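Here is a short briefing for a first look. Please keep the sequence and the 3D view open while reading.

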Amino acid sequence: MKQIMRIGKSRLSVIAFLILLVAPSYASTPEFEIEIRNHLFLPDTLTIPAGVKVKLVIYNRDATPEEFESYELNREKVILGGRKAIVFIGPLAPGEYPFFGEFNPQTALGTILVVAEADAAK
Amino acid sequence: MLLNSVVIILREVLEAALLMSVFLASARFLQTRNRWAISALVAGAIGAATYGFFLEPVSDLFDGVGQEVCNAILQYGAFASLAAVAFHIPRRANNLKSSPATIVALMALTVTLAITREGAEILVYVSGFWNVSDFFSAVALGSVIGACIGFSVGVLIYYLLLAQPIKWALPTSVLLIHLIAAGMASQATRLLIQADWIPAAGPMWDTSSILSEQSLTGQLLYALVGYEASPSGIEVVAYVGSVLIVATAYFAGKFSSQPARDEME
């Protein structure tokens, strides 16, 4: 009985340790918002820090569905009309990463601008 | 509008068309009837309609990454089913008198899962223009053209496989099955990275300057072997691991069905 208790406790502490390990990374994930309006991305250029994972929240304000897509970011996701979607990107090296709306690729164009922390502070 | 729809539909149809052509060719070499294909198309269409209809609640699952998780499950499912096909191909080839029921069911399941995922996206795209009468005819026409091109590529691959010398035909199909399966598993892994269920990391390499994913060849290779210009380490591991899993399944099937087992070692 005692042994079982001990195993239970050690497992609990392992779980607690894992949660502690993971928790800060979740808390520090920066969040950025993009809107889709009249088949355009607003803003069409988004500046994010290099080397960290970033959470993009994309609101589709149009009635029609859109697909957020980027070959450079390796991302694609359908966003239904009037809905929002969450896409995690990065960690990325500094540079320009174009993205587009696959369903309206002539107008729905944008760029993620990734800058090093030092440049971002300027 | 027209050209957009051609490209979008083609991209979705291509993967399923390539998968089907490889299966149809393999089934010919294994002397199996190809009636399963009709059932798979119907089941896939039902699956796609259902998934497309419920995409909104599905997308909201798991804090807004339900779409990625659901697509990844469909992709991993298709991968597992493909690995099982790879196991049964040599067993059937070694004993053509055995019942083809299992391999036929597995092929149908793989195609159904692939069509469910890709078909749902087509439905969401086309239905978005349902009420926009200015665009709808262009979108509808473009979709039909895109689907026809995808279908033609499938037919071309099918006849290219059939035109091979007998000695090479089945091994070529098996090799393609390895690559298609690995492409599916690495795509599913990428979806889980996008959902933040698997830790993200920077790309291992970048070959986009040599072969862009946007190019026609890039698109074709993406559909066929899961080509990715800048994959992360985990995707590469998933790809290589998947090839090894399918190869293990294939050789397990090969050696378990051969009477002269000792000679092979």
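**Where the chains touch**

The contact draws on 23 residues of chain B and 21 residues of chain A. This is a predicted model. On the side of chain B that touches chain A, α1 (2-29), α3 (55-64), α5 (101-128) and α7 (166-194) of chain B each supply at least two residues. By class, that side of chain B has 8 nonpolar, 9 polar and 6 charged residues.

**Chain A: overall build**

- Chain A has 2 helices and 9 strands.
- Along the sequence, the elements of chain A run α-β-β-β-β-β-β-β-β-β-α.
- Chain A has 122 residues, and 31% of them count as buried.
- Take the contacts in chain A between residues at least 6 apart in sequence: 59% of these join residues at least 24 apart.

**Chain A: cis peptide bonds**

- Leu42(A) and Pro43(A) are joined by a cis peptide bond, with omega near -5°.
- Pro43(A) sits in the loop between β2 (40-42) and β3 (45-49) of chain A.
- The bond from Gly90(A) to Pro91(A) is also cis, and its omega is about 5°.
- Pro91(A) belongs to the loop between β7 (84-89) and β8 (95-101) of chain A.

**Chain B: a helix pair**

- Two packed helices are described by the angle between their axes and the distance between the axes.
- The axes of α1(B) and helix α8 (residues 216-225) of chain B come within 8 Å and cross at roughly 45°.
- α1(B) and α8(B) are therefore oblique to each other.
- The crossing of α1(B) past α8(B) is right-handed.
- From α1(B), the contact uses Arg11(B), Leu14(B), Glu15(B) and Leu18(B); from α8(B), it uses Gln219(B), Ala223(B) and Leu224(B).
- These contact residues of α1(B) and α8(B) divide into 4 nonpolar, 1 polar and 2 charged.

**Chain B: the span of α7(B)**

- α7(B) has 29 residues, so at 1.5 Å a residue it should span 42 Å.
- The end C-alpha atoms of α7(B) are 43 Å apart, which agrees.
- Just after α7(B) comes Asp196(B), with a positive phi of about 70°.

**Chain B: other positive phi values**

- Gln31(B) is a residue other than glycine, yet its phi is positive, near 55°.
- Gln31(B) lies in the loop between α1 and α2 (36-53) of chain B.
- Gln31(B) counts as exposed because it has 11 C-beta neighbours inside 10 Å, and the cut-off for exposed is 12 or fewer.
- Asp63(B) has a positive phi near 60°, and its place is in helix α3 of chain B.
- Asp63(B) is exposed too, with 9 other C-beta atoms within 10 Å.

Technical notes: Residues numbered from 1 in each chain as written. Chains lettered and ligands numbered in written order. Predicted model: local features only at pLDDT ≥ 70, side-chain atom pairs only at ≥ 80, totals over all residues. Contact = placed C-beta atoms within 7 Å. Helix = DSSP H or I, 4+ residues; strand = E, 2+ residues; numbered from the N terminus. Nonpolar A, V, L, I, M, F, W, Y, C, P; charged D, E, K, R; others polar. Buried ≥ 20, exposed ≤ 12 C-beta atoms within 10 Å, placed from the backbone. Axes fitted to C-alpha atoms, helices over the stretch in contact; angles between N-to-C directions. Parallel < 35°, antiparallel > 145°, perpendicular 65-115°, else oblique. Left-handed = near helix turned anticlockwise from the far one by under 90°. Expected span 1.5 Å × (residues − 1).
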